[in-house]
Amino acid sequence: MGGLLFQAFIYLCAAVIAVPIAKRLGLGSVLGYLLAGIFIGPVIGLVGSETQTIQHFAEFGVVMMLFLVGLELQPKMLWEMRSRLIGLGGLQVALTTALITAAALMMGLFWTVALTIGLIFSLSSTAIVLQTLNEKGLTKTEGGRAGFSVLLFQDIAVIPMLALIPLLALPELVAGSGESLTTAAESYGDAGHHHDLSLVDGLPGWAHALVVLGAIASVLLGGHFLSRPLFRFIAESRLREIFTASALMLVIGIALLMTLVDLSPALGTFLAGVVLANSEFRHELESDIEPFKGLLLGLFFITVGAGIDFNILFNDSLTILSLTVGVIVIKGLVLYALARAFRLATTDGWLLTLGLAQAGEFGFVLLSFSLQNQVLPAELASTLSLVVALSMLLTPVLFIVYDKLILNRQPDSDQRRADSIDETGSVIIAGNGRFGQIVNRLLVASGVQTTVLDHQADIINMLSKVGVKSYYGDASRPDLLHAAGIESAKAVVIAIDDRSRTLEMVEHIRRHYPEVKILARAFDVNHLYLLNKAGVDIAVRELFDGSLELGKAALRAVGVHPFKVEKMSMAFRKHDENGLNTLYELWDENTEMASNKAYLARAREHGDTLKGMMETDRMQLHDRSERGWTPPPKHYTKDMGE
């Protein structure tokens, strides 16, 4: 018990220290976990051979991750992805396998060994890439979606690979070194893949196929018809821990079933996630599984770092580093060529290329499986394992390259040209995200013709599907504003997610088109003041009205009469507007608000005034001089429609 507690403390301590530091340095959590593993393993030796066993336990984090990915994918969405899933993903696996196999043949390896190596290195790291894309907010980009399609195909492709590899066994290895190979396989920690129980061992081919199909059908049908009544029954008990236990039971049970029929547990849980994507319990399942997934994935990456054998690296560093770079370059070339063939924009293409150029965690699984089936010699498998680990270790570096070299050059290198604007309206809306969309809907519904501009292609594509016409382009560009008819427009609404660009647009329009009304979204009070100084006609804080409405609802929820609520909210709004004007006199754009003592003192006085005013307002409930709201009629009920 002492040893177990000590090991748990070491792993947790390493993660707690290394990951926040790596995040603070902009390296990402994955690199933090890997570095933590290297430090406690090869560097200071606090952990040792047990990391292989722990790694296979931690691989269950990958299974949970695919379950959560499936929950995000409704079957309709998956069907829409079919072209990229099969086309982009299929071509990536096929071309990468072919090129790496050819390279291995040129190095003098037997063709079955070369093909096995090609299959192993055709796979990328789903765990690292999806985790990094989520952290960087890149999952919704075209490059992120394309990468997800490729990763999804790779995960599915593991199944036929597992079926093919036993057919590639080397006769000389089978005949002469069964014992050593078994030992070597065990050294890769096959503890997590015991097959003591099997539903398909010894069955003829047709029966094997029927059992496998039955297992898949039970997952799909059970997930669709049985999961809802089960979760509803458990939810009615109002015991959160039991619901968590049932979520874990579901994932573990499906993984076990898939293992019993020699299928990938990750594929089974992914299918179950897709089936449950439309379930009303989806979010509850996500919140329950997420902590376990995060911890297990982190543990998995620590064990990868701790398991790196630097002795092999030091003894033949040139070969191993060359192989690692060679794998990354070959995969990168294939991915970049496919990105161009599928017409991804430059930044999206580089995201796909750099993000998926590494080998993946399934490479360890295939290496172990290849050893078990006498396909690869043990010495070669050790070298390849190190190449897989190093390529995974370099992945965060490739993402840093993407951030520093590609994204920073995005404005110059993005090849998508701005759309030609064939219709202009009396109001130009710059930015059609969550804020601009509401403005546009109100204007269009009121019969006002608008011209909508946005520089995010995915938003343009999405809006076109729901019949909202908008144009791709950077609205801050003077030529695009000219094309949108700024000379004849009555107003411009600026709702882009960029403070500085919003200010630049206000200054440009005010300077060149003084007759056009400028309405802009302000992020906060400081931004509001900056916009006022730049010459905006109307600036609205994006959260003020929504927050005020929620505050009114909260007052009503605690029992305040609706009449009081309306009066208090109107008084609050009026006082806030007066305060903004008063405080503006003390505002200094060159001084932080937190350091502006005069501003802070006036703000405190303003708060005290508000409190006194609200108290007075509560005492004057029947002041008929207040306009703008009519008190509730006699026999008022909560539902005015009754």
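# A walk through the helices and the sheet

Start by selecting helix H4 (residues 60–71) and helix H15 (residues 282–306): they pack with their axes 8 Å apart, at an angle of about 150 degrees. The contact (heavy atoms within 4.5 Å) brings together Phe60, Gly61, Val62, Met64, Met65, Phe67, Leu68 and Leu71 of H4 with Arg282, Leu285, Glu286, Ile289, Glu290, Phe292, Lys293, Leu296 and Leu297 of H15. H4 and H15 are therefore roughly antiparallel; the cut-offs are under 35 degrees for roughly parallel, over 145 for roughly antiparallel, 65 to 115 for roughly perpendicular, and oblique for the rest. The axes are lines fitted to C-alpha atoms over the stretch in contact, and angles between N-to-C directions run from 0 to 180 degrees. H4 passes H15 in a left-handed crossing, meaning that the near helix is turned anticlockwise from the far one by less than a right angle; clockwise would be right-handed.

Before moving on, note that this is a predicted model, where local features need pLDDT of at least 70, side-chain atom pairs count only at pLDDT 80 or more, and totals for chains, interfaces and linings use all residues. Residues are numbered from 1 along each chain as its sequence is written, and side-chain values use heavy atoms, with hydrogens and water left out. Helices (H or I, at least four residues) and strands (E, at least two) are DSSP runs, numbered from the N terminus.

**Next stop: the sheet**

Select the six strands, which form an open, parallel sheet in the order S3-S2-S1-S4-S5-S6. Strand S3 (471–472) and strand S6 (538–541) sit at the edges with a single partner strand each, so one side of each has no neighbour in the sheet. Two strands count as paired if DSSP finds at least two bridges between them.

Now zoom in on strand S1 (residues 427–430), which pairs with strand S2 (residues 450–454) in the parallel sense over four bridges. S1 is also joined to S4 by four bridges, again running parallel. Click on alanine 430: its bridge partner in S2 is leucine 453, and in S4 it is isoleucine 494.

Are the residues of strand S4 (residues 491–494) buried or exposed? Ala491 and Val493 on one side, and Val492 and Ile494 on the other, are all buried, so both faces are covered (buried is under 20% relative accessible area, exposed over 50%, partly exposed in between, with a 1.4 Å probe and protein chains only).

S4 pairs with strand S5 (residues 517–522) in the parallel sense over four bridges, and alanine 491 has lysine 517 as its bridge partner in S5.

Show helix H27 (residues 544–557) and helix H28 (residues 562–584), whose axes come within 10 Å and cross at roughly 150 degrees. H27 and H28 are therefore roughly antiparallel, and this time the crossing is right-handed. Pick serine 569 in H28: its relative accessibility is 8%, so it counts as buried. Beyond its neighbours within four places in sequence, serine 569 touches Leu548 and Lys552.

Finish on arginine 602 in helix H29 (residues 597–618). Arginine 602 is partly exposed, at 27% relative accessible area. Setting aside neighbours within four places in sequence, arginine 602 contacts Thr582, Leu583, Glu585 and Leu586. Its C-alpha lies 8.4 Å from that of leucine 586, 16 residues away in sequence.
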